[in-house]
Amino acid sequence: MAIAEPITQIAPDEPKLEEMEIIYQRPEAVAETYTHYCPGCTHGIIHRLVGEVIDELGVRERTIGVSPVGCAVFAYRYFNTDGVEAAHGRAPAMATGIKRAAPDKVVFTYQGDGDLASIGGNEILHACARGENITVIFVNNAVYGMTGGQMAPTTLPGMVTTSSPYGRDVKLQGAPIHITEMLAMMPGVAYAVRRSTHSVAEIRKTKKAIKLAFEAQLKGLGLGLVEVLSTCPTNWRLDPNESLNFIRDNMVPIYPPGDFKVHDELKKRR
Amino acid sequence: MAKELWKGNEALAEAALRAGAEAYFGYPITPQTELLEHMSRRMPKLGLTFLQAESELASINMVYGAATVGARAMTSSSSPGISLMQEGLSYIAASEVPAVVVDIMRGGPGLGNIQPSQGDYFQMVKTAGHGDYHAIVLAPSTIQEAIDLIYDSFELAFKYRTIVTILADGSLGQMMEPVEMPEFKEWPEERPGWALTGAKGREPHTISSLYLGAENLEKLNLRLQKKLAEIKANEVRYETLMTDDAEFLIVAFGTVGRIAQSAVRQARENGVKVGLFRPITLWPFAEEELMAMTRRVRGVLVAEMNAGQMFEDVKAIAQGRIPVQFTGRMGGTIPLPDDILPALDTLIDSVRSRNGNKPEPTRAREVSA
């Protein structure tokens, strides 16, 4: 994949970048490359937050990321860590194998709603039941993005998708799955929260949550899960700004951000 | 070393540990469950990783994960469970990580039964997973041979970064025989260079089976095919019995290969010049060796515990030069010499009828007037 030449000078009469104070830059744990994500998609923000947390915890050199099948299928290219690409839904099983065989590694999965809540439902359920010491980033945008906008288990009631063209009828196609609330009930889960990306304040909260989910693993407390509400402007047929509003106005009422399980050891730290 | 009495499934488990297995992930299914149970007793005490997974789908993906960090990982199952693993096997093959899989076959299709069968030849030798790949498939006919084959399996898997399958049936899993159990192998502490060990002081390692673009994916496939050709050239194993002067050949693997020895001896007592060809590696198959033999004999009988799965390969190797016929039992029934000998006579009769001026061959069960 082509990598852009680093920009060292903005314009001839501007000071060189080296002479300026760096106040914001790419985290070391995020690879210097282009991504294939659509304009306005919040995967990029979530990648960045994961990268910042890995940097802040100083674990980049012993982290192994597990990518899903879905829009984040290439996530292993976008993190500057070792990484694998799992079969659809099997990331928690693969992460289990990695963590059990190499317990000194920091292992995270990055999965979408189709991957985690539909085809991989059993794998995440039992990883939680066993209390695997892994971190799970669960990106919920209520739709199958990569295959072109089909109905997901998290699709909102009435929502039109390419496979629910008359809107999701809960009597025929079931109701949205609140997987994080479900998994929070399990003793093996140390941390289970839902966050969002629709505003700067929410993004900051998301980062704190991702950090706690990794800290749960580092402390050996069990599985840490952060569900992040994310946009899909392409398949929602909305512009990026409307997409953020769609999260706020349509997704948040169905999937309210909140803490469903926080291990006592993680509360102390706050 | 003194011989000990071991049950097949437990012997396979213990021999795998002595071969260097570090991580086992599996799910209970008859008739292989004693293998999983043996691992559950032994591995925690040896400081190794044992985990009972939620399904075969999960166990093969746990093996996949453990394999990516360079661990010697394995699983075991029986036919319906192996069907579930096909997705993971395809990913593992494409990712080129080493893994060992034991399949103690039972009767099918469907839930079938728990009796012995060889009905997984198609799914394991031809590979039921999507795409072009092959595992090395080892087919033991005794418990000692099962021990010896699994003892080599991690070396083969790591040498070629491939899947190694032990393909045996429920009777081998369940029966007991006196065997010699080998010593524990020594393995280096250091992980192979390709393994995921954390990007410390090096560029990140990634393991993936995703290759966008037709040319990229064709390149992977060409590399995989090159590796398979190398395995084919180096790793073929087979055994023969009384083939030097044979006019007829029985081809059988695993348990049937063992039963066919009795059939060959009984037919020889009756004056029939018959020999046995028993492939030990079902993939790579001893194509050259069998082809050379089909040029010398007058007919081939394939005997299996299925409806004729290896039969298709033997027919392709014989290329229509001589009659190739099949006898088999299904549904968990084990063919005995009494099943094989009449089939041998049918073959001999058909050779007689198309024989022309050549002297008539002797029948196995009675000398014709």
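**Notebook: two helix pairs in chain B**

I looked up α9(B) and α12(B) first, and they are oblique to each other, since angles under 35 degrees count as roughly parallel, over 145 as roughly antiparallel, 65 to 115 as roughly perpendicular and the rest as oblique. The model is predicted, with local features needing pLDDT of at least 70, side-chain atom pairs counted only at pLDDT 80 or more, and totals for chains, interfaces and linings using all residues. Residues are numbered from 1 along each chain as its sequence is written, chains are lettered from A and ligands numbered from 1 in written order, and side-chain values use heavy atoms, without hydrogens and water.

I noted that the axes of α9 (residues 254-269) and α12 (residues 337-353), both of chain B, come within 9 Å and cross at roughly 55 degrees. Helices here are DSSP runs (H or I, at least four residues), numbered from the N terminus. Axes are lines fitted to C-alpha atoms over the stretch in contact, with angles from 0 to 180 degrees between N-to-C directions.

I listed the contact (heavy atoms within 4.5 Å): I259(B), A260(B), S262(B), A263(B), Q266(B) and A267(B) of α9(B) meet P337(B), I340(B), L341(B) and L344(B) of α12(B). By class, I recorded eight nonpolar, two polar and no charged residues there. Nonpolar covers Ala, Val, Leu, Ile, Met, Phe, Trp, Tyr, Cys and Pro; charged covers Asp, Glu, Lys and Arg; polar covers the others, Gly among them.

I then turned to α1 (residues 8-19) and α6 (residues 143-160) of chain B, whose axes lie 8 Å apart at about 30 degrees. α1(B) and α6(B) are therefore roughly parallel to each other.
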